[in-house]
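Hi,

Here is the structure I said I would pass on. Have a look at it first, and my notes on what I found follow below.

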Amino acid sequence: MRRYALRAGVVLACLSGMALGPAAPARAAFATELSGLPDEFTAGDRVATVSAVVSRTDPGRCVKVRWSMVLTVRGIRLDQVKVDRVEETGSFPLEIRTDGDVARLTDRQLDPGTLCPNRTVTARYRLAFAEDVTRGRVTLAAEAYDANLRLLARQTATRSVVGPDAPATPTEPTPESTPPAPTEPAQETGEAEPTEEPAAEVPPAAGRPVAQSSGFGVVQAAFLLGGLLLFLGVGLLLRLRHLTRTAGGDGDPEPLDRWERPTGPRRW
């Protein structure tokens with residue numbers, strides 16, 4: 001009996017695994033995409049139409065879809081954003097709930113289309129931003145639910161929002177205008193270099209030594225004056241010596257022996 005119970009348990013486990021196995025692929029068979037997204041949204045009168053598309057590839061039964069769009073803004077306010085859910089018959093009623101910078105827009109009714117294998121259901125949204133928006137970012141998250149509010153698939157995308165005058169100074173032209181900016185300072189520095197070259201030439205002229213700036217300086221004059229005085233001194237000394245010798249020669253004719261009598265030969 002125990003062997004039969006064990007075999008029965010193994011068979012039931014295998015059957016339960018076979019029954020639960022397809023459940024995971026069924027959930028992965030749904031996919032959502034966002035189409036029509038621009039590279040960036042422009043504020044003002046420009047309206048962008050974004051489509052959320054859900055598809056399925058499993059062979060399951062057809063289901064009805066309820067769409068919910070989660071809108072998250074940064075750098076702008078929710079009251080600066082206008083969203084309209086549209087169908088072929090016109091606007092589609094929405095239930096809007098906000099929490100800070102996040103707003104959830106959920107369809108009040110099920111989508112008119114039916115999601116079947118290898119088929120798609122599309123929801124279209126028209127987005128516009130107020131003219132006073134300068135720059136910000138918006139994140140769109142499209143969520144597809146079934147009639148029992150079971151999430152089938154979700155897709156998220158983030159885009160920048162620029163003001164109406166932003167095309168004059170977009171982020172792409174900025175790198176193009178940036179290279180001229182360095183070249184302009186380079187040209188200015190190139191123009192400043194000629195002005196600096198004369199300035200560089202002036203300091204050597206002003207900083208030259210006095211001996212180089214004039215042909216006859218104070219030092220040369222001092223040396224010349226000293227040489228002249230030395231020459232005059234030597235000349236005066238030679239003149240005095242000459243006068244002394246002349247005075248000595250004139251006194252020789254008046255010897256002292258003129259007062260002496262001539263003596264003759266003495267007699268013994």
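To start with, how many of the residues of the chain count as buried? Out of 268 residues, the share is 25%. Keep in mind that this is a predicted model, so everything here is computed from it.

In terms of layout, you'll find 6 helices and 13 strands in the chain. If you take the contacts between residues at least 6 apart in sequence, 71% of them join residues at least 24 apart. The accessible surface is about 19,500 Å², and carbon and sulfur atoms account for 58% of that.

Now for the inside. The largest nonpolar core has 36 residues, and the ones touching the most other members are Leu34, Phe41, Trp67, Leu115, Phe129, Val138 and Leu140. Several strands supply at least two residues each, among them strand 1 (30–35), strand 5 (66–74), strand 12 (135–145) and strand 13 (151–162). Strand 11 gives the most, with 5 residues. As general background, nonpolar side chains in soluble globular proteins tend to be buried together.

Two residues are handy for finding your way around. Leaving out residues up to four places away in sequence, Val138 touches Phe41, Leu71, Thr72, Val73, Phe129, Ala157, Thr158, Arg159 and Val161. The other is Thr32, which sits in strand 1. Thr32 has a relative accessibility of 5%, so it counts as buried.

Next, the cysteines. There is 1 disulfide, and it joins Cys62 to Cys116 with an S to S distance of 2.0 Å. The pair ties together distant parts of the chain, 54 residues apart: Cys62 lies in the loop between strand 3 and strand 4, and Cys116 in the loop between strand 10 and strand 11. The torsion about the S-S bond is about 120°, so this disulfide is right-handed. Are its two ends buried or exposed? Cys62 is partly exposed, at 35% relative accessible area, while Cys116 is buried, at 17%.

On to charges, where I counted 9 salt bridges. Here are three of them to click on:

- Glu87 pairs with Arg85, with the closest N and O atoms 2.6 Å apart. Glu87 counts as buried at 16% relative accessibility, and Arg85 is buried too, at 0%.
- Arg97 pairs with Glu95, at 3.0 Å between the closest N and O atoms. Arg97 counts as exposed at 57%, whereas Glu95 is partly exposed at 30%.
- Arg150 pairs with Asp146, at 3.2 Å between the closest N and O atoms. Arg150 is partly exposed at 36%, but Asp146 is buried at 8%.

Some salt bridges share partners, and in that way Arg85, Glu87, Asp107 and Asp111 are joined into one network.

Which residues make the nonpolar surface patch of about 530 Å²? They are Leu225, Leu228, Leu229, Phe231 and Leu232. Leu225 is found in helix 6, which covers residues 218–250. Its relative accessible area is 49%, so Leu225 falls in the partly exposed class.

Definitions and conventions: Residues numbered from 1 in each chain as written. Predicted model: local features only at pLDDT ≥ 70, side-chain atom pairs only at ≥ 80, totals over all residues. Heavy atoms only, no water. Patch = residues over 30% accessible without salt bridge, like charges linked within 9 Å, V, L, I, M, F, W, Y side chains within 5 Å. Areas by Shrake-Rupley, 256 points an atom, 1.4 Å probe, with all protein chains shown as cover. Salt bridge = Lys/Arg side-chain N within 4 Å of Asp/Glu carboxyl O. Helix = DSSP H or I, 4+ residues; strand = E, 2+ residues; numbered from the N terminus. Buried < 20%, exposed > 50% of the residue type's maximum accessible area, 1.4 Å probe, protein only. Contact = heavy atoms within 4.5 Å. Core = buried A, V, L, I, M, F, W, Y, C linked by side-chain atoms within 4.5 Å. Disulfide = S-S within 2.5 Å.
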